[in-house]
Amino acid sequence: MAEPPVRLLLGSIHCHSTGSDGTADPGEILAIAGAVGLDFLAITDHVPAVMADHPPKRPAGDRSRGAAVSFPAQSAGVLRLPGLEFSPPHNHYLVLGLDPADVPDPTDLPGWPRPEAYMAFARRWPGTLGFLAHPDDPGNAFLHLQSYRWDDWAVTDFTGLEVWSLSSEWSRSVRNYREAVRAVAVGVHRAVPPPNPVTVARWDALAQERKVVGIAGTDAHAYRTRWHGVRVTVFPYEPAFGTLQTAVWAKFPLDGSPEAKVSAILEALGQGRAFMVNRVWGHPSGFVFRAGQAGPGGSAEVFSSGDTLPAGFPARFEVAVPIPCWLRLVRNGVAVANTYGRELSFEPLEQAPAAGPGRPPGPENGAIGRRQEAWRAEAWVDEPHWSKAGSGFFPWIFSNFIYRELPL
Ligand SMILES: [Zn+2]
Ligand SMILES: [Zn+2]
């Protein structure tokens, strides 16, 4: 049978409906996602749905779960990825491929609220993916937000990290009135800060040990509140969905059922055939990150993100974008090539890298030492004229890794 065609699909991962502490029901949220033009959406309601510090948006005593489950795999033209967020006080865990209705009250799980309890539980369903949500969320004293960071770094059995989080990046970047005013001035839904450098460094380190997939999320709740007497809605769904998106290159069964298409998206995400994009700066159609054979007459074999280059393969890394911008190629967390333009090509001098120690093994980081190189690409657009941010460039695209085996 012929391989299905690979299609670039853009979606939004991580938001909350009235199934937990969001403010719109799943049908309304899917309709908004359709209006924004998303290909897919993962509504990830909290389980337990009622958290001590998150008031439920439904009648007291209603502990029903899985409001999203009655929705089909495709609604308003949007493919619905089943999803949920295990939400103990710390160590929030996004699971894709699993609906809240399939999950018993997690507080009944043996070992709750230790992450091993729900990570092992989610793993029982084949094909599910698990991501550490907003892993370095610092909380915010100014906005009275507590930290929801990941604490337990001894765990290793997850698909990846929510590397770029709309709500967490703003929470990190707004620490006083001046920064709050500036955030509004530069456009809360436009000039999203870069991913937390702490998380990115962690991701670069972990990826030298094993595959770790990065995703972008919004964590939109469209939470209604008052700030100094002014009615505000924090991260309404529609503008949030138009910012940080996760894109996948899915092996898309064109005549397949919506369920088959959802499976194709989950497969691509799990493989790391995916990247993160702030859609405000443009559609990433034409974005390329690949590695082929260096030198003339190289083989036609091409490696994409999620793939692993065999040890000793003479590689040439290539990055291409549809509009000129600042391109960076990053190896093991260090930028090894930069250019301004639409293309970047780089052949490492050291084609057979030496094996070396990575992070020291230790109980707090769960590290097992360096096993591979991790290469990724970034694209940053010029700061637009209307912005007063003064940072020069805004982050547009963060790829996932192409891995490179170290020689034994
Ligand atoms: Zn969370
Ligand atoms: Zn959340």
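The model is predicted, with local features requiring pLDDT of at least 70 and side-chain atom pairs counted only at pLDDT 80 or more, while totals for chains, interfaces and linings use all residues. Residues are numbered from 1 along each chain as its sequence is written, chains are lettered from A and ligands numbered from 1 in the order in which they are written, and side-chain values use heavy atoms, with hydrogens and water left out.

Donors are N, O and S atoms within 2.8 Å of the metal (3.2 Å for Na, K and Ca); water is not among the atoms, so sites may look incomplete. Histidine 92, in the loop between β6 (83-86) and β7 (93-96), and histidine 134, in the loop between β8 and β9, are 42 residues apart and link distant parts of the chain. Strands are DSSP runs (E, at least two residues), numbered from the N terminus. Histidine 92 is buried, with a relative accessible area of 2%, and histidine 134 is buried at 6%; buried means under 20% relative accessible area, exposed over 50% and partly exposed in between (1.4 Å probe, protein chains only). Glutamate 85 bridges the zinc ion (ligand 1) and the zinc ion (ligand 2), which lie 3.4 Å apart.

The structure holds 21 aromatic pairs. The ring centres of tryptophan 380 and phenylalanine 398 are 6.0 Å apart and the planes lie at 55 degrees, so the pair is tilted. Rings of Phe, Tyr and Trp (its six-membered ring) pair if their centres lie within 6.5 Å; planes under 30 degrees apart count as stacked, over 60 as edge-to-face and the rest as tilted. Both tryptophan 380 and phenylalanine 398 are buried. A cluster linked by ring pairs comprises Phe86, Tyr93, Trp112, Tyr118, Phe121, Trp125 and Trp150.

The charged end of arginine 202 sits over the ring of tryptophan 153, 3.8 Å from its centre. For such a contact, NZ of Lys or CZ of Arg is within 6 Å of the ring centre and within 35 degrees of the ring normal. Arginine 210 lies over the face of phenylalanine 158, at 4.9 Å from the ring centre.

Leucine 145 lies in the loop between β8 (129-132) and β9 (160-165) and is partly exposed at 43% relative accessibility.

Note on methods
Helices (H or I, at least four residues) and strands (E, at least two) are DSSP runs, numbered from the N terminus.
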